[in-house]
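Me: I'd like to learn how to read helix packing and ring contacts. Could you walk me through them?

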Amino acid sequence: MSTVTSIREGAVTVIRFGEPPVNSLGRQTRAELAAAIAGAIQDPAVSAIVLAGNNGLFSAGADIREFGTPAMLAAPNLADLISLVESSPKPVIAAIDGTCLGGGLELSLGCHYRLASTTAKLGLPEVKIGLLPGAGGTQRLPRLIGVENALNVILGGEPVPAKLFAGTPLLSQLVDGDLLAAAVSFAAARGTDHQAGKRLPRARDRSAAGPHVEPLLIFARNTVRAAYAAYPAPLKCIDAIEAAATKSFDEGLAVERSLFIELMFTPVSKALRHAFFAERAAAKLADVPESTPLRDLKTAAVIGAGTMGSGIALTFLSAGIPVVLLETGADALERGVSRVKDVIEGQVKKGRLTPEAAHARFGLLKPTLEYADLSKADIIIEAVFEDMAVKKDVFLAIDQVAKSGAILATNTSTLNVDAIAAITSRPAEVIGTHFFSPANIMKLLEVVRGRETAPDVLATTMRLAKTLRKTAVVSGVCDGFIGNRMIEQYVRQALFMVDEGASPSEIDAAMEAFGFAMGPFRMSDLAGNDIGWHIRQRRAIERPDVVYSKVADRLCELGRFGQKTGGGWYDYRKGDRNAYPSAVVDDLIIQHRNANGMVARKIDAREIVDRLVYALVNEAALILEEGIAQRASDIDIVYLTGYGFPVYRGGPMCYADEVGLYAVVQRMNEFSRNPHGDPSFWTPAPLLARLAASSGAFNSTGARS
Ligand code: T1G
């Protein structure tokens with residue numbers, strides 16, 4: 001199907017291009033665009049050309065799916081297309097509506113004039129996928145809006161409202177109304193001008209040089225070095241912009257091209273491109289058609305007004321969905337309502353909400369002590385104590401009052417959703433919605449699909465996640481689902497390493513240097529060490545075969561549950577969230593090692609990182625093979641959005657692919673020779689072993705997962 005059409009409007013040819021949803025400039029579109037533009041240039045009846053996107057936008061840029069493949073450079077590549085436009089002997093006008101990003105904006109910068117609708121947004125987001133604008137953006141933009149503004153646009157990577165470019169050579173006209181009509185009229189006038197001999201304005205003919213450039217670049221380099229040490233792209237963006245200010249246009253283009261290719265093949269860019277597509281892939285249900293009719297989701301009810309319940313209620317309120325909040329006791333209900341009110345009022349104080357909007361939002365909350373008040377809710381989410389007996393009682397009560405067709409969701413973080421569904425009269429309508437604390441802040445939502453969960457209930461819940469601005473990942477039913485099941489092995493290895501000689505702060509430091517937001521011990525102190533303690537106590541009964549170090553139990557026996565008790569693996573001081581090494585814990589660890597006949601050894605950061613990350617990877621391979629996760633990239637998204645895994649490494653599966661699965665397995669074999677802990681854990685999961693033996697990868701080849 002052709003992606004490009006040409007229509008004559010008098011002496012002006014209007015060329016419209018792009019395929020839904022985002023008019024990305026893939027090989028076919030580029031070739032058809034080039035042919036249409038060349039045709040208009042050769043047509044003696046045409047005096048000017050207008051370029052406009054289909055589908056309500058200009059273009060989202062180059063087709064990222066082509067990166068790293070021959071299609072990306074297939075003629076005409078984007079630079080060729082833009083050069084054709086810029087060297088046109090007839091004026092070419094870009095009519096920019098909606099989104100105009102990356103290569104799309106670069107295409108418009110090659111045009112002689114640009115008109116934009118008042119709602120249009122322009123940007124160069126390449127830095128967000130570890131790249132720089134590679135089709136002249138780093139050379140043309142500084143020449144049109146100056147080096148300082150170009151640095152902000154290119155390093156920020158954010159879409160900028162078109163009106164902010166008004167009055168600069170970048171934007172000829174801001175149009176409030178019929179953009180195309182305005183563009184055709186503008187083009188006709190420029191065509192006449194040009195026939196009268198007026199020179200065509202080209203960005204490349206302008207200069208970006210100036211006395212202020214050098215200090216600006218120094219400041220920019222110092223800023224990005226401090227803030228983005230792990231990311232190569234920002235500094236290269238600055239190098240390219242410097243070339244725009246200090247070299248000829250063609251020399252600058254050559255610098256840009258070289259830097260772009262260099263970045264394209266960095267692990268960071270591959271990881272960021274992987275994360276971009278992985279987040280979008282996670283929303284897709286492998287076996288539920290996108291055409292599946294969805295259920296109404298206009299009202300919600302939350303049972304339990306504790307930290308999680310009130311956080312979940314806030315998430316719905318922020319999406320404008322009325323919430324009935326049920327508690328069993330008036331005091332607990334009042335505390336929950338106050339928590340909701342405080343957060344909303346806090347948003348007003350931060351200027352994120354007007355008082356009127358805050359009032360309206362809070363007005364959507366209906367606290368109650370009566371189950372009968374749940375009867376109109378389209379979805380009821382249970383967020384009570386993490387105990388199966390308690391949850392089953394709640395679901396029996398819900399089953400009595402919920403209206404027909406309501407979705408019954410449990411916020412359990414590990415318990416068996418099938419067992420909960422089985423005690424209701426409507427297991428097809430039961431699903432898990434595992435929010436991460438704080439529920440109104442954390443993006444990740446594990447949507448746990450029960451054996452009986454109806455496809456439309458699953459599809460409706462996935463749609464709800466988008467409405468709640470959550471990143472949803474589908475999980476099957478197992479203990480811990482995806483994230484917590486993996487983190488259990490991660491923590492287990494961390495505790496074994498404490499037995500063997502590493503300190504909590506050494507392990508945290510190694511993982512934070514690897515890029516984790518927080519190491520395992522600071523994370524445990526934040527979440528509460530008692531959570532893991534309860535799980536190990538349950539594990540000792542249900543799975544006595546699972547070996548655990550007892551060091552964490554010794555800590556909990558002292559009541560050192562973490563920040564909430566003023567001390568955990570670290571000491572904490574009132575009003576100070578910093579973690580301070582603790583002499584009490586040092587002593588406890590020494591006693592623990594002595595009691596177990598452990599002679600401490602030095603464990604280097606490499607072993608710490610490899611043991612903890614590969615523990616995640618091995619457990620993830622089992623999760624993937626059991627079908628608990630739909631795809632490897634879903635597991636990456638769980639760790640990128642819910643567990644602080646460094647996004648510039650793309651997630652545990654992406655990172656393992658980058659290391660090479662054969663090397664991962666070799667390293668695991670080394671760990672299996674360590675007698676302490678659980679050597680059998682390091683037996684590679686069958687999927688991992690197969691992929692390693694066949695030079696395979698968890699994530700499919702290319703940028704898409
Ligand atoms: N290439 C390929 N596919 C893209 C794409 C792109 N540039 N942008 C979006 N998609 C797909 C996306 O994967 C999804 O696919 C569908 O379109 C809808 O996207 C040389 C090197 C434009 C703000 O980085 O920021 O130009 O899941 O769900 O929420 O200098 O998409 O349906 O199969 O995000 O409405 C620079 C990336 C490219 C922009 C729309 N451009 N895209 O958001 O929809 S590099 C970008 C976005 C470049 C040149 C350089 C957003 C959006 P599927 P979506 P949305």
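Predicted model: local features only at pLDDT ≥ 70, side-chain atom pairs only at ≥ 80, totals over all residues.

Me: At what angle do helix 5 and helix 10 pack?

Reply: To read a helix pair, look at the angle and at the distance between axes. Helix 5 (residues 137-145) and helix 10 (residues 249-264) pack at about 135°, and their axes are 8 Å apart. That makes helix 5 oblique to helix 10.

Me: Which residues make that contact?

Reply: From helix 5 come G137, T138, Q139, R140 and R143, while helix 10 brings F249, G252, L253 and E256. Sorted by class, the contact of helix 5 with helix 10 has 2 nonpolar, 4 polar and 3 charged residues.

Me: And how do helix 24 and helix 28 cross?

Reply: The axes of helix 24 (residues 605-625) and helix 28 (residues 686-693) cross at roughly 100° and come within 7 Å. Angles of 65 to 115 degrees count as roughly perpendicular, so helix 24 is roughly perpendicular to helix 28. N618, A621, L622, L624 and E625 of helix 24 touch P686, L687, L688 and R690 of helix 28. In the contact of helix 24 with helix 28 there are 6 nonpolar residues, 1 polar and 2 charged.

Me: Now the rings. How many aromatic pairs are there?

Reply: The count comes to 17 aromatic pairs. For each pair, check the distance between centres and the angle between planes. Y231 and Y648 are 5.2 Å centre to centre with 75° between the planes, an edge-to-face pair. Y231 lies in the loop between helix 8 and helix 9, and Y648 in the loop between helix 25 and helix 26, so the pair ties together parts 417 residues apart in sequence.

Me: Is Y648 buried or exposed?

Reply: Y648 counts as buried, because its relative accessibility is 16% and buried means under 20%.

Me: What about F516 and F645?

Reply: Their ring centres are 5.1 Å apart and their planes are at 75°, so this pair is edge-to-face. The pair ties together parts that are 129 residues apart in sequence. F516 counts as buried at 4% relative accessibility, and F645 counts as buried at 3%. Ring pairs also link Y490, F514, F516, F645 and Y655 into a cluster.

Me: Where does the charged end of R280 sit?

Reply: For this feature, look for a charge above a ring. The charged end of R280 sits over the ring of F276, 3.6 Å from its centre. Likewise, the charged end of R190 sits over the ring of Y113, 5.8 Å from its centre.

How values were computed: Residues numbered from 1 in each chain as written. Heavy atoms only, no water. Axes fitted to C-alpha atoms, helices over the stretch in contact; angles between N-to-C directions. Helix = DSSP H or I, 4+ residues; strand = E, 2+ residues; numbered from the N terminus. Parallel < 35°, antiparallel > 145°, perpendicular 65-115°, else oblique. Contact = heavy atoms within 4.5 Å. Nonpolar A, V, L, I, M, F, W, Y, C, P; charged D, E, K, R; others polar. Phe/Tyr/Trp six-rings, centres within 6.5 Å; stacked < 30°, edge-to-face > 60°. Buried < 20%, exposed > 50% of the residue type's maximum accessible area, 1.4 Å probe, protein only. Lys NZ or Arg CZ within 6 Å of the ring centre and 35° of its normal.
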